[in-house]
Amino acid sequence: MALSRLSLRSNPFLKPSTTSIRRHVSTDTTPITIETAVPFESHLCDAPSRSVVTSSSEILSFFRDMARMRRTEIAADSLYKAKMIRGFCHLYDGQEALAVGMEAAITKKDAIITSYRDHCTFLGRGGELVEAFSELMGRKRGCSNGKGGSMHFYKKDACFYGGHGIVGAQIPLGCGLAFAQKYSKEEFVTFALYGDGAANQGQLFEALNIAALWDLPAILVCENNHYGMGTATWRSAKSPAYFKRGDYVPGLKVDGMDALAVKQACKFAKEHALKNGPIVLEMDTYRYHGHSMSDPGSTYRTRDEVSGVRQVRDPIERVRKLLLSYDIATEKELKDMEKEVRKEVDDAVAQAKESPVPEPSELFTNMYVKDCGVESFGADRKELKVTLT
Amino acid sequence: MWGILRQRAVVDGGLSLRRTRSALVSARSYAAGSKEMTVRDALNSAIDEEMSADPKVFVMGEEVGQYQGAYKITKGLLEKYGPERVYDTPITEAGFTGIGVGAAYAGLKPVVEFMTFNFSMQAIDHIINSAAKSNYMSAGQINVPIVFRGPNGAAAGVGAQHSQCYAAWYASVPGLKVLAPYSAEDARGLLKAAIRDPDPVVFLENELLYGESFPISEEALDSSFCLPIGKAKIEREGKDVTIVTFSKMVGFALKAAEKLAEEGISAEVINLRSIRPLDRATINASVRKTSRLVTVEEGFPQHGVCAEICASVVEESFSYLDAPVERIAGADVPMPYAANLERLALPQVEDIVRAAKRACYRSK
């Protein structure tokens with residue numbers, strides 16, 4: 001990794017307290033400048049500088065937040081195999097740098113909308129672990145009261161608009177969020193995340209056309225993990241240069257396993273979108289798990305490929321190396337932090353398991369905001385009929 | 001009281017034939033006196049007033065702005081409110097409908113026009129999966145205060161791909177509200193209610209009704225006027241048979257009631273106004289009074305709105321029925337072009353009369 005300036009200061013690293021939910025970060029916010037390992041590739045724009053301004057506290061927070069996300073996905077894997085999570089479960093491990101890098105560049109008033117691979121995006125927006133696990137297990141304490149499931153996490157107070165199951169639908173929706181931001185004359189932007197599989201959807205091009213015509217502050221982020229379910233990019237896209245697919249819309253290709261590069265790109269994209277309208281970001285990333293828990297992930301790629309990426313590009317390991325080489329933390333401190341995160345996650349899982357399932361009456365709630373005395377029926381309408389009020 | 005209904009049939013996008021027709025209008029249905037309004041003007045004034053009252057309301061669709069609206073429903077709105085409230089879109093329903101729903105997620109109040117509901121099929125995923133289900137899936141975090149409006153059902157001679165009625169499809173989805181106005185008062189009151197409503201509303205208009213004039217009360221002309229969603233209207237009281245329908249077929253049912261009255265059958269005509277929620281209480285109360293039911297719709301017969309009404313009445317008012325329930329619907333065929341075949345494919349007044357007489361055991 002290229003280093004432009006070593007920080008020789010040894011930072012007073014505060015021992016974290018035992019209360020688990022708060023982020024524990026070094027208090028040192030002195031700027032450090034680090035070069036990204038991989039250059040940006042640009043389309044119809046000048047790429048941002050490879051020199052990223054960060055700080056010890058920020059890099060440490062990256063480590064902690066990514067470790068938390070990684071542990072969450074691994075815990076979800078176990079819960080799914082124990083049949084405590086049902087239906088679909090799409091895991092994000094390997095892609096954590098995207099979630100943390102993006103958050104570092106934006107505010108909670110900028111909006112994010114994504115696909116069904118949404119657990120870590122939710123956590124990045126400030127979602128609580130216990131809410132995530134409760135939702136996965138269909139409990140009342142879940143972020144959607146147990147009524148959404150893995151693919152439908154939302155956090156409106158942090159401008160996180162879900163969690164969408166239909167491939168590609170989130171892109172026009174995201175452009176709509178950007179439309180509302182522009183309409184309300186707010187200086188905020190929307191990041192609409194989608195995969196390489198969704199990148200060929202017609203509605204993407206329809207929405208991007210309108211976003212470009214109307215100068216909407218929309219940032220389309222292609223999380224290119226190279227496989228749309230089991231189909232590799234070279235088998236699904238005639239042109240897999242997703243950052244160029246916007247044609248008349250500028251684009252940037254980013255090393256999506258490098259949290260700092262992601263941060264730089266998102267910062268650049270936000271400035272661009274506020275001045276010049278839409279931009280496409282292609283994040284080169286990778287998922288260790290298969291498409292979902294029902295996919296072993298080995299019928300279309302080799303185990304060597306997966307372990308190869310893990311060895312060379314793992315986002316958490318890269319940040320660990322950075323922290324060690326900049327002397328921001330010792331190996332033991334980082335291992336302790338990981339242990340704390342593991343405990344945090346285990347506690348949240350235990351708490352979630354205690355949460356009760358929703359009341360049967362919840363079957364009929366939240367259909368409408370304004371019920372107007374409407375009737376709704378259960379499977380046997382003579383047995384179960386309610387008036388929504 | 002005799003009301004004069006002027007019907008303007010729009011042919012080939014612009015030429016109009018004016019035919020004067022008189023019809024009996026129930027004295028109790030409309031307030032006494034004076035003013036008349038076309039459905040087109042009713043819709044236009046409703047959108048205008050709601051845009052004026054709430055800056056979050058905006059209009060979006062193909063040709064809604066500069067063209068003044070494909071059917072002139074949004075005439076004058078671009079000039080009055082400017083391009084930041086009235087948006088002409090490219091011909092990309094999936095894209096602009098998704099954008100509308102996303103804007104509604106963020107708290108704006110879009111009025112999205114489909115040039116006809118046939119084109120809504122290109123965007124139906126956003127109507128159902130992105131709009132209808134969001135409040136439920138998010139346990140109340142994300143509500144979607146959007147209106148999808150446009151002409152629905154058959155026009156005149158527009159062929160199979162441009163004539164389908166979508167009432168049954170949309171009304172089957174929990175989370176949507178589906179409205180179908182008939183008169184100018186319906187159009188104003190229901191559209192204003194729809195725009196103010198915090199939930200997604202599918203608003204099914206009818207192209208052939210746009211030019212029709214109806215008497216309109218002072219109350220209905222007031223900018224605060226609003227009709228309740230989920231309540232049907234008894235257009236004509238009767239005691240022998242209940243005829244339930246919506247949209248253009250209400251006019252046909254009223255004509256059928258006139259013909260039946262000549263033969264001594266008193267028909268009660270119910271204008272649903274709201275397909276979802278369906279006003280089962282009003283329908284059943286009427287059938288419990290008359291003991292006979294005829295349901296009418298323009299759409300395809302299988303799994304239609306009429307099927308739901310018939311099932312509801314058989315389930316809730318079985319012992320009150322003196323005759324089998326009757327359904328009059330569009331023919332079970334794609335809409336043909338030839339005028340004579342088109343006429344055979346759609347319900348006519350004589351079909352409704354015949355079904356009512358069957359229910360009264362006056363014919364085989």
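Two strands pair if DSSP finds at least two bridges between them. Helices (H or I, at least four residues) and strands (E, at least two) are DSSP runs, numbered from the N terminus.

## Basis of the model

This is a predicted model: local features need pLDDT of at least 70, side-chain atom pairs count only at pLDDT 80 or more, and totals for chains, interfaces and linings use all residues. Residues are numbered from 1 along each chain as its sequence is written, chains are lettered from A and ligands numbered from 1 in the order in which they are written, and side-chain values use heavy atoms, without hydrogens or water.

## Strand pairing in chain B

Strand 11 of chain B pairs with strand 13 (residues 267-271) of chain B in the antiparallel sense, over three bridges. Arg236(B) has Val269(B), in strand 13 of chain B, as its bridge partner.

Both strands belong to an open sheet of five strands in chain B, in the order 11-13-12-15-16 and with mixed pairing. Strand 11 (233-236) and strand 16 (326-328) of chain B stand at the edges with a single partner strand each, so one side of each has no neighbour in the sheet. From one strand to the next, the twist averages 25 degrees. Axes here are lines fitted to C-alpha atoms, for helices over the stretch in contact, and angles run from 0 to 180 degrees between N-to-C directions.

## Strand pairing in chain A

Chain A has an open sheet of six strands in the order 2-9-10-6-5-4, with mixed pairing. The twist averages 20 degrees from one strand to the next.

Strand 5 (residues 190-195) and strand 6 (residues 218-224) of chain A run parallel and are joined by six bridges. Thr190(A) stands opposite Ala218(A) in strand 6 of chain A.

## Aromatic contacts

Over all chains, the structure holds 20 aromatic pairs. Rings of Phe, Tyr and Trp (its six-membered ring) pair if their centres lie within 6.5 Å; planes under 30 degrees apart count as stacked, over 60 as edge-to-face and the rest as tilted. Phe122(A) and Phe160(A) form a tilted pair, 6.5 Å centre to centre with 50 degrees between the planes. Phe122(A) lies in helix 3 (residues 119-124) of chain A and Phe160(A) in the loop between helix 4 (129-136) and helix 5 (170-183) of chain A, so the pair ties together parts 38 residues apart in sequence. Phe122(A) is buried at 0% relative accessible area, and Phe160(A) is buried at 0%. Buried means under 20% relative accessible area, exposed over 50%, partly exposed in between (1.4 Å probe, protein chains only).

Tyr183(A) and Phe58(B) also form a tilted pair, with centres 5.5 Å apart and planes at 45 degrees. Tyr183(A) lies in helix 5 of chain A and Phe58(B) in strand 4 (residues 57-61) of chain B, so this pair joins two chains. Tyr183(A) is buried at 16%; Phe58(B) is buried at 0%. In chain B, one aromatic cluster includes Phe96(B), Phe148(B) and Trp169(B).

## Charges over rings

The charged end of Arg310(A) sits over the ring of Tyr288(A), 4.0 Å from its centre. Arg381(A) has its charged end over the ring of Phe377(A), 4.0 Å from the centre. The criterion: NZ of Lys or CZ of Arg is within 6 Å of the ring centre and within 35 degrees of the ring normal.
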